[in-house]
Amino acid sequence: VYYFRKHNRQGLWRHNVVGDLSVKKNKIDAKKLKQLVKANRGGKVICYTHHHSTLLPSGKKLSDHNLNYIRYANNKGFTINLSADTLQEADILADTKIPTTVVLPFTKTQFEKMQVDLSEVKTPQGKKITICPEQTQGIKCLDCKLCSNSKRKTIIGFFKH
């Protein structure tokens, strides 16, 4: 990251194409995250994480520790999106006011057969979902940059595959 930022101050890059943020015992490794944020130098980045929750015997519970470090990173320009696996989970995660993404319950082919207007895609609680422009309009991530906007008001949806 440091080398990339040295030669490309604002260029967009994708952190963790495969994998997730570094954790120790279900807690985001604060030291490693702070190093990433510092090396990024406020440039555009896209990152996704499932480390917003802790799995308990009674089910999932949002992790205050992890959410606070994710907020820290977003406030410093290192955009981390919370990854939801269902529309119901997206409702819960979006209430944290942290950028949220969701895997939609349909494929692109199924969506096209449904003949639904893009503006009508919402969560059960009525939160707006913007289906990834790369998947609907063929716009490249480098040109769109929606996932790198930590101030956006919409949940980004990705077709299941």
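Start with a lining: the residues around the largest cavity divide into eight nonpolar, no polar and two charged. Here Ala, Val, Leu, Ile, Met, Phe, Trp, Tyr, Cys and Pro count as nonpolar, Asp, Glu, Lys and Arg as charged, and the others, Gly among them, as polar.

Before you click further, know that this is a predicted model: local features need pLDDT of at least 70, side-chain atom pairs count only at pLDDT 80 or more, and totals for chains, interfaces and linings use all residues. Residues are numbered from 1 along each chain as its sequence is written, and side-chain values use heavy atoms, with hydrogens and water left out.

**Stop 1: the cavity**

Select Ile 46, Cys 132, Pro 133, Glu 134, Cys 141, Cys 144, Lys 145, Leu 146, Cys 147 and Ile 156; they line the largest cavity. A cavity is a set of points, on a 1 Å grid over the protein atoms alone, where a 1.4 Å probe fits but cannot get out; lining residues have an atom within 4 Å of a point. The volume of this cavity is about 70 Å³. The structure holds one cavity of 30 Å³ or more. Now colour α6 (133–137) and α7 (141–144): each supplies at least two residues of the lining. Helices (H or I, at least four residues) and strands (E, at least two) are DSSP runs, numbered from the N terminus.

**Stop 2: the sheet**

Show the strands. Six of them form an open sheet in the order β1-β4-β7-β8-β10-β9, with parallel pairing. The edge strands are β1 (13–14) and β9, and each pairs on one side only. Two strands pair if DSSP finds at least two bridges between them.

Walk along the pairs:

- β1 and β4 run parallel over two bridges; Trp 13 has Val 45 in β4 as its bridge partner.
- β4 and β7 also run parallel, joined by three bridges; Tyr 48 has Asn 81 in β7 as its bridge partner.
- β8 and β10 pair in the parallel sense over three bridges; Val 103 has Phe 158 in β10 as its bridge partner.

**Stop 3: strand β4**

Are the residues of β4 buried or exposed? Five of the five are buried, so β4 is largely enclosed by the rest of the structure. Buried means under 20% relative accessible area, exposed over 50%, and partly exposed in between (1.4 Å probe, protein chains only). Select Val 45, Cys 47 and Thr 49 on one side, then Ile 46 and Tyr 48 on the other; both faces are covered.

**Stop 4**

Select α3 (residues 64–75). Helix α3 lies across β4 (45–49) and β7, at about 135 degrees to β7. Axes are lines fitted to C-alpha atoms, for helices over the stretch in contact (heavy atoms within 4.5 Å). Angles run from 0 to 180 degrees between N-to-C directions.

Next, select α4 (residues 87–94), where six of the eight residues are buried. They are Leu 87, Glu 89, Ala 90, Asp 91, Leu 93 and Ala 94. These buried residues pack against β6 (59–62), β7 (80–84), β8 (100–103), β9 (129–131) and β10 (155–158).

**Stop 5: two loop residues**

Most residues other than glycine have a negative phi. Asn 26 has a positive phi of about 70 degrees. Find Asn 26 in the loop between β2 (23–24) and β3 (27–28). Asn 26 is partly exposed, with a relative accessible area of 42%.

Finish at Gln 115, in the loop between α5 (108–114) and β9. Its phi is positive too, near 55 degrees. Gln 115 is exposed, with a relative accessible area of 74%.

Definitions and conventions
On a 1 Å grid over the protein atoms alone, a cavity is a set of points where a 1.4 Å probe fits but cannot get out, and a pocket is an open set with protein on both sides within 12 Å along at least five of seven lines; lining residues have an atom within 4 Å of a point. Grid points are joined across faces, edges and corners, and a volume is the space filled by probe spheres set on the points.
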